[in-house]
Amino acid sequence: MSVRTRATTWSLGLSGLLLLVVVVSAGIGAVTIPPRTVAAILADAVPIPVGVSLGGATVLPLVGSVPTPTLEFVSPFAFSVPRPARIIVLSVRLPRILLAALVGFALATAGTVMQGFFRNPMADPSIVGVSSGAAVGAVATIVLSLSIPFGLEGAAFVSAVVTAFVVYLLASENGRTPVATLLLAGVAIQTFLGAVISFLLLQSGESLRQVVFWLMGHLAGATWSEVGMLALVLPLPFVVLLVHARDLNVLLLGEEDAHALGIEVERTKQLLLATASVVTAAAVSVSGVIGFVGLVVPHMLRLLVGPDHRVLLPASALAGASFLVATDTVARSGGAEIPVGVVTAAVGAPFFLYLLRTREVRSP
Amino acid sequence: MSDFDRSSGTDLGADADSADSDPFGDADPAIRLDDVSLSLGGHSILDAVSVDVGEGTFVGLIGPNGAGKTTLLRTLNGALAPDEGSVRVVGEDVHALSSKAASRLVATVPQTTSVTFDFPVRDVVEMGRTPHRGRFDGWRERDTAAVDDAMRRTAVESLADRPVTEVSGGERQRVLIARALAQETPVLLLDEPTASLDINHQVRTLELVSDLVADGTTAVAAIHDLNLAAHYCDALVLLSGGRILSAGDPAAVLSEEHLREAFDAEAVVSRHPVTGSVYVTALPPSSDDANGRVHVVGGGGTGARALHLLSAAGYALSAGALNEGDTDAEAARRVGADLVTVPPYSPVDDAARAAVESRVEAADVTVVADVEVGDGNLANLGAAAEADRLVLVEERPFSERNYAGDDGFAVYERLRERGTIVEPGDLLSVVGELACDSFRERDAGGDGTGDGETGPGDADAGANDAESTHDDAVGDDTAADLFSD
């Protein structure tokens, strides 16, 4: 079976799984809604383009007046669904579920890339300090009551990306960035930022609860605008990573070999690191630090689909989405809301240990 | 030698090509290193290295650890840029090219590779096509053809679907060569291709490279094993301290003088009796003679044990005379003994007997092993009879191992009268006792020459004797004629 066929098959299969998990999850909550009803609501909500009409006109410089193509949508299914159920699913549960899916997608993607990049099984998306950076930005915003454009998320995102960049600079010398140095610089910076966060916590006073909740990783209170933001940010970096999947495969042989096989090693590393960091930062800035998704999911999928990133990357991303939707469903369906980071760690760590003990997990 | 001295650099294997294919004599060699210098971390690793390698040549890169072999290979494939000088591969400056373009000219087989993700073997070989594929190119017919061909040549087809982490070391080496072949480059670099392989796979690997070279590939391999390098390579480059100490025909490069200078080790260079290649035998550092000097008369393996025991006990050793190729002769070389040899199947002639006598005289103790005695080696026993302190190792009665008739008995009787007869297990203690006696006598007699006789020059003396067996003239101490053939 060719790589392309395998990638397509796995992607379609895991997309199906994701859809299934979403439908089931959307039915779970204080009010139980049967999966058939959820499916009907979702089908109704998806606008389906049926044609293009040329209406109006747009004036473009140099070209002049051009008719604007407009897509026409209809919702072909007019299922009869109780209004409350429709509102619960579309306005309450779906934003959270989709945000979980996107965050899981992002973390698993970044985790896969980082594990390959570092050739280290313990690498996870936050290895270069992205999560700690985001946490500092977010906690500082909460504790110091800063008002910044784009608020909490913006501060977290910016501080996350800046942290990754600083780690990269610290580890670089003469245009080369040895991954071992990068790893150590990441650990050092994470430790330092951990101290900053602890200090900020001491100063937090009233906002302590909010800060701790953020730090534990959360998807509660997800809004459609957060979903939109992630949905807008993620596709481009993901495509960039997918296009470089083959280079990532060759990088797994070691940098010396990769260079001998025609990879511009340092440039490729920069690109992979920057892209994976942006993906992680985007996820962490809306959801806080959710551990283990980016560590465990790529390992599981590597067992299933093998090490080839052309298959592994999309498969891992989609599985990560399903995993986080499922764990978040557990997190919100109990009596009291548990931060999802607690659930992923509680589920992920034992499973990872199981893999470790059965020697299924190997050093990448 | 004059062929190699084109301009300031060294020209390896390019002569024939330039004469045939290029009437003007300035065709681009496969590899041209021009005055390449490189420092890493403030240490000069390569120092003004210049060498030309002709197309279709197999060049072996030899030298001690830290001589710059791997660095030179990394400079050749573009991984390291030289501080000064240039590296041209088929006329192109590899450091001016993109990594991709350079990888279409030079393929590298690494010494070790961190293939820890369990890619199937075929996937690893397919990665060799990376330099030929654009980012959005699909997989083409010629990619498949190149991979199939590479896997066929290296005989790894049967492993295609096995994870590369699960094949043996020898198989993995072949997979890596296949990956390099899939790059379809004119130049192939190999870093210690035989380092972790058993002897069978060492030979198979180098045979494979030789076949590729016969088909026009230019190969440069860093090789630790001097004898493998001498046997398989068309030319050798001996690096020492970042400089080319010698380059050219293996027989010319592997001289005892060069080896001493580069490796700081004593070695004997001879011709391998089977393959006819230059053959290097390294000797252990010469003993400081603190324990005394022992001459061993053996043959047919009877003396090997004594040689090893005495060597381990720290005695400076001499041995002989022995036929070239005798088990004991090999043992003597291994322990660095000052060896007197005669050609295979030849009797110990007068010259050899004189050489043995001089060593017996120099020795504190002479040991006669449980050797079989015939007319050919009776002279050894005669020489031993002159020893001041003599030890006879007896495992069998002499009558069972005497093929020299009454003469044999007569000589051996003389030995028995003068010597101490021991069982093999008592040899060391008796020799130790006698050596002490010798030292005491020497001190008492004020004879201070003993130390002077066994300085660092002793191994040279042994080496010269070994060389001289080629032209049957014991005592000839010039090394130059070794390569006259």
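Trainee: Where does UniProt place the feature "transmembrane region" in chain A?

Mentor: The unreviewed UniProt entry puts it at residues 12-33, 97-118, 127-148, 154-171, 183-202, 222-243, 271-297 and 338-356 of chain A. The model at hand is a predicted one, and the annotation may be inferred rather than shown by experiment.

Trainee: What does the chain do over residues 154-171 of chain A?

Mentor: That span is 100% helix and 0% strand, and its end C-alpha atoms lie 26 Å apart. Residues 222-243 of chain A are 86% helix and 0% strand, with 31 Å between the end C-alpha atoms. Chain A as a whole has 15 helices and 2 strands.

Trainee: How many of the residues in chain A are buried?

Mentor: Of the 364 residues in chain A, 50% are buried. As for contacts in chain A between residues at least 6 apart in sequence, 75% join residues at least 24 apart.

Trainee: Why is Q202(B) called buried?

Mentor: The cut-off for buried is under 20% relative accessible area. Q202(B) has 15%, so the residue counts as buried. Q202(B) sits in helix α7 of chain B, residues 199-214. Leaving aside residues up to four places away in sequence, Q202(B) touches T194(B), L197(B) and L228(B).

Trainee: How is the size of an interface often given?

Mentor: As the accessible area lost when the parts come together. Chain A and chain B bury about 2600 Å² between them, with 50% of it on carbon and sulfur atoms. On the chain A side, R246(A), L253(A) and L261(A) lose the most area to chain B, together 24% of what that side buries. The contact involves 27 residues from chain A and 31 residues from chain B.

Trainee: What makes the pair R179(B) and D257(A) a salt bridge?

Mentor: The rule asks for a side-chain nitrogen of Lys or Arg within 4 Å of a carboxyl oxygen of Asp or Glu. The side chains of R179(B) and D257(A) meet at 3.1 Å, N to O, so the pair qualifies. Across the interface of chain A and chain B, the rule finds 2 salt bridges. There are also 11 residue pairs in polar contact between the two chains, both residues at pLDDT 80 or more.

Trainee: Which helices of chain A each supply at least two residues of the side that touches chain B?

Mentor: α10 (245-251) and α11 (255-260) of chain A do. By class, the side of chain A that touches chain B has 9 nonpolar, 7 polar and 11 charged residues.

Definitions and conventions. Residues are numbered from 1 along each chain as its sequence is written. Chains are lettered from A and ligands numbered from 1 in the order in which they are written. This is a predicted model: local features need pLDDT of at least 70, side-chain atom pairs count only at pLDDT 80 or more; totals for chains, interfaces and linings use all residues. Side-chain values use heavy atoms; hydrogens and water are left out. Contact means heavy atoms within 4.5 Å. Buried area is the accessible area (1.4 Å probe) that two parts lose on being put together, summed over both. A polar contact is a pair of N or O atoms within 3.5 Å; within protein, one must be able to donate a hydrogen and the other to accept it, and residues adjacent in sequence count only if both atoms are side-chain atoms. Helices (H or I, at least four residues) and strands (E, at least two) are DSSP runs, numbered from the N terminus. Ala, Val, Leu, Ile, Met, Phe, Trp, Tyr, Cys and Pro count as nonpolar, Asp, Glu, Lys and Arg as charged, and the others, Gly among them, as polar. Buried means under 20% relative accessible area, exposed over 50%, partly exposed in between (1.4 Å probe, protein chains only).
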